[in-house]
Amino acid sequence: MQIKETPDMWVLRLCRRLRIPEIRQAAAECAPLIEQQIEEVGLTVDGPWLFVSHNLPKDGKTPFDWEICRPVARPAAYGGSIELCHFEPIIVAAGVHQGSLRTLFTQGYAPLVAEIEMSRHHFSGESREVYHDWRGPGAPYHRIEIQFGLSR
């Protein structure tokens with residue numbers, strides 16, 4: 001587990017209320033819309049895809065608030081239809097999962113959650129997945145950074 005501050009960033013963001021099993025479909029629908037908007041208005045990508053969850057449940061049945069975000073360089077002006085949002089830095093506990101999506105929760109989330117629970121830190125309710133190396137939905141290997149926001 002690494003305790004660190006996230007970067008200050010501007011992102012194009014689409015938000016959904018969904019359940020964990022619905023993330024795959026939502027990402028497949030939303031990512032092309034964001035990519036198209038970036039191209040249409042001439043934005044510059046400034047980081048990997050980012051999924052933000054608020055009060056991520058421990059089961060696949062409970063709905064929660066989810067955001068798919070693509071960091072972009074802050075434009076001088078923006079008139080696109082997808083929300084441009086500023087993320088200020090936050091303090092997170094982070095760990096990197098290297099492997100398939102099938103093991104993301106058991107080998108990525110679970111050990112990090114256990115480590116945070118054993119520490120003096122407290123969850124803020126926000127968590128993030130940063131897709132540093134995404135190779136497609138069925139690929140056996142990805143490098144995904146998992147971040148849990150910490151409250152002070």
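Student: Which side chain forms a polar contact with the side chain of H97?

Tutor: This is a predicted model, where local features need pLDDT of at least 70, side-chain atom pairs count only at pLDDT 80 or more, and totals for chains, interfaces and linings use all residues. Residues are numbered from 1 along each chain as its sequence is written, and side-chain values use heavy atoms, with hydrogens and water left out. A polar contact is a pair of N or O atoms within 3.5 Å; within protein, one must be able to donate a hydrogen and the other to accept it, and residues adjacent in sequence count only if both atoms are side-chain atoms. At 3.2 Å, the partner of H97 is T103.

Student: Is H97 buried or exposed?

Tutor: Buried means under 20% relative accessible area, exposed over 50%, partly exposed in between (1.4 Å probe, protein chains only). H97 has 3% relative accessibility, so H97 is buried.

Student: What is the volume of the largest cavity?

Tutor: On a 1 Å grid over the protein atoms alone, a cavity is a set of points where a 1.4 Å probe fits but cannot get out. Points are joined across faces, edges and corners, and the volume is the space filled by probe spheres set on them. The count is 1 cavity of 30 Å³ or more. The volume of the largest is about 40 Å³.

Student: Which element gives the most to that lining?

Tutor: Lining residues have an atom within 4 Å of a point; among them are W66 and Y109. Strands are DSSP runs (E, at least two), numbered from the N terminus. With 3 residues, the top contributor is β7.

How values were computed:
On a 1 Å grid over the protein atoms alone, a cavity is a set of points where a 1.4 Å probe fits but cannot get out, and a pocket is an open set with protein on both sides within 12 Å along at least five of seven lines; lining residues have an atom within 4 Å of a point. Helices (H or I, at least four residues) and strands (E, at least two) are DSSP runs, numbered from the N terminus.
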